[in-house]
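Please open the model in your viewer and keep the sequence beside it, so that each selection can be followed in both. The tour goes from one selection to the next and says what is to be found at each stop.

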Amino acid sequence: MRVIHPAAGAAGLVTLLGLSACTGAAASSGERVDGGTIVYAHQQEPFCVFGGWIEQAYLSYQVLDNLTSLDENREVVPWLATEWSTSEDGLTWTFTLKEGVKFTDGSPLTAEVVAYNFDYWVAGGNSTARVWLQDYFASAEALDDLTVQINLSAPYPRLADNLTQGYFGIQSQEALETRSDEENCAAPIGSGAFIVDRWDRGEEIVLVRNDEYTSWPANAEHTGPAYVEEIVWRFVPDATTRVAALQAGEVDAIYDVPAVQWETLDAAGYQLEKFVTPGRPQQLAFNTQIGPFTDVLVRQAFAYSLDRRAAVEAIGQGVIPYEGNGGVSQTTPGYSQAAADWYDYDPEKANDLLDEAGWTEIDDEGFRTKDGERLTVVLPYGAGSIINADGAAILQGVKEQASQVGFDVELIPVPLSELFAGAYSTPEERDINVGYWTAVTAGILYINWRPSTEEAPNYSNGAFYNDEVLAQLIRDANSAADIDEQNALYIEAQDYIAERALSIGLYDRLSTLAVDTSLRGVWQEHAQGGPTFYDAYLTE
């Protein structure tokens, strides 16, 4: 047995739109106040507290505990599991659980409960947990009350790393079996530092302190229950309103700081936090099944037509990092700089490639044509959800730059309800897919590039690209026990994607916070960059 790790209200905010004066961060002596309420303004409201979207992971991280946590050095440390090990063949993982942990419904944390959660995720209880596990998970079983065994169908040496993401929070089995889906959606039962008290849809979720909390992660900054009594997690979609609310003292912290406001808030003394999420960056994946991008020359021409760095730097103002790699972001282990540098801005080369591909005519509006058909490409994007206001402005720059060599880019903002209902998800509906996937390892490549078959469709393969050579490269990386071998294979896969212009990067997805100085101890968890309020406290 090889041991891996031993124990070690929103309505009032509307009036703030008219505010123009910046009052600056509140002065504070720094003395901790016992209890109190944190008012936090987030930009998006999810459908449920727990689920497969990162907006849900941010919330459920406050309510549910994971088996493992990720520290600031990207090392996996204990949380609900005190230690874990794998068999020599890498197919069996064994986790030992903390003693005495109870869910907030009074039921105990046991190995049987953890095994139930694994089965629940893979059966569809969490869509993102499922796609991480489905090709590797075989079964889970309780060896005794506090020892759970996870059996795999293929080695996956970074399993413990992936379990640090908010999608893998452990819920009460009793709650999952006896409560309705609606109850578990709105207020999942965990063993975490906070409990969902109420959800006023369209406005806010109120979380209250779990006074019996005993299961903090090893990288927490204190022990015992949370310092504050309550968190009011408000949903404020408009960025200007969030900033104005912070400046006016209406809220203590905000998420998704606009790049144009970053310097202003910094100068005013607010605590600013920025986390470049590992995983897939905001990128453009080309439809390889139908339309003009079935031709690699056209894909390459589009890549060369863009001065992506200039577009990102103009909007991002030094806050949003440019990212050329379409496979993984620069904070992801096993990153390929060669893939990031594959396509420089070269409009002359773009024009030559389009000529070679047969798009040689120019219509009255300056767009290229072939056999009487205009070179129109459809680029839908999740407006205000997957793509924020800064991202939408960057996409506008992409449209304008590509038009200079003759591409007619049709940008289509898609509301959240339509996006999650499946709009623009088929090859017939779009030519370019824009979006990100957060992850802690380059194993995200398998989720994004696993071939889609009738028996096992892969809706996360945004390029609709089925290539067994690429898939096998990533599978080999996922199962390689040696980290250097893993990374070399992941790099090879990224270079494969870049060479064929299957996807190109735009910018790294950020998780950003601005916090008033009267609130201390707020930090971003190291798997996905979500706000962590367990260690936070108010001061006077």
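Begin by selecting Cys48 and Cys185 with their side chains shown: the torsion about their S-S bond is about -100°, so the disulfide is left-handed. The two sulfur atoms lie 2.1 Å apart, and a disulfide is taken here as a pair of cysteine sulfur atoms within 2.5 Å. Cys48 sits in the loop between strand 2 (37-42) and helix 2, while Cys185 belongs to helix 7 (residues 181-186), so that the bond links distant parts of the chain, 137 residues apart. Both Cys48 and Cys185 are buried, where buried means under 20% relative accessible area, exposed means over 50%, and partly exposed lies in between (1.4 Å probe, protein chains only). A search of the whole structure finds one disulfide.

Before going on, note that this is a predicted model, in which local features need pLDDT of at least 70 and side-chain atom pairs count only at pLDDT 80 or more, whereas totals for chains, interfaces and linings use all residues. Residues are numbered from 1 along each chain as its sequence is written, and side-chain values use heavy atoms, with hydrogens and water left out. Helices (H or I, at least four residues) and strands (E, at least two) are DSSP runs numbered from the N terminus.

Next, select Tyr58 in helix 2 (residues 54-63). Tyr58 is buried, with a relative accessible area of 2%. If neighbours within four places in sequence are set aside, the residues in contact with Tyr58 (heavy atoms within 4.5 Å) include His42, Trp233, Tyr255, Arg509 and Pro531.

From Tyr58, move to Trp233, whose contacts beyond four places in sequence include Tyr40, His42, Tyr58, Leu59, Pro531 and Phe533. Trp233 is also one of the residues with the most contacts inside the largest nonpolar core, which has 101 residues, the others being Leu67, Phe118 and Ile150. Apart from it lies another core, of 58 residues, among them Ala259, Ala303, Tyr343 and Ile394. Such a core is a set of buried Ala, Val, Leu, Ile, Met, Phe, Trp, Tyr and Cys residues joined through side-chain atoms within 4.5 Å.

Select Arg242 and Asp256, whose closest N and O atoms are 3.6 Å apart. Arg242 lies in helix 8 (residues 239-247) and Asp256 in the loop between strand 12 (253-255) and helix 9 (259-267), so the pair ties together parts that are 14 residues apart in sequence. Both Arg242 and Asp256 are buried.

For another setting, select Asp363 and Arg374, which form a salt bridge with the closest N and O atoms 2.8 Å apart. Asp363 is in the loop between strand 15 (361-362) and strand 16 (368-370), and Arg374 is in strand 17 (residues 373-374), eleven residues apart. Asp363 is partly exposed at 21% relative accessibility, and Arg374 is partly exposed at 27%.

Terms used: A salt bridge is a side-chain nitrogen of Lys or Arg within 4 Å of a carboxyl oxygen of Asp or Glu.
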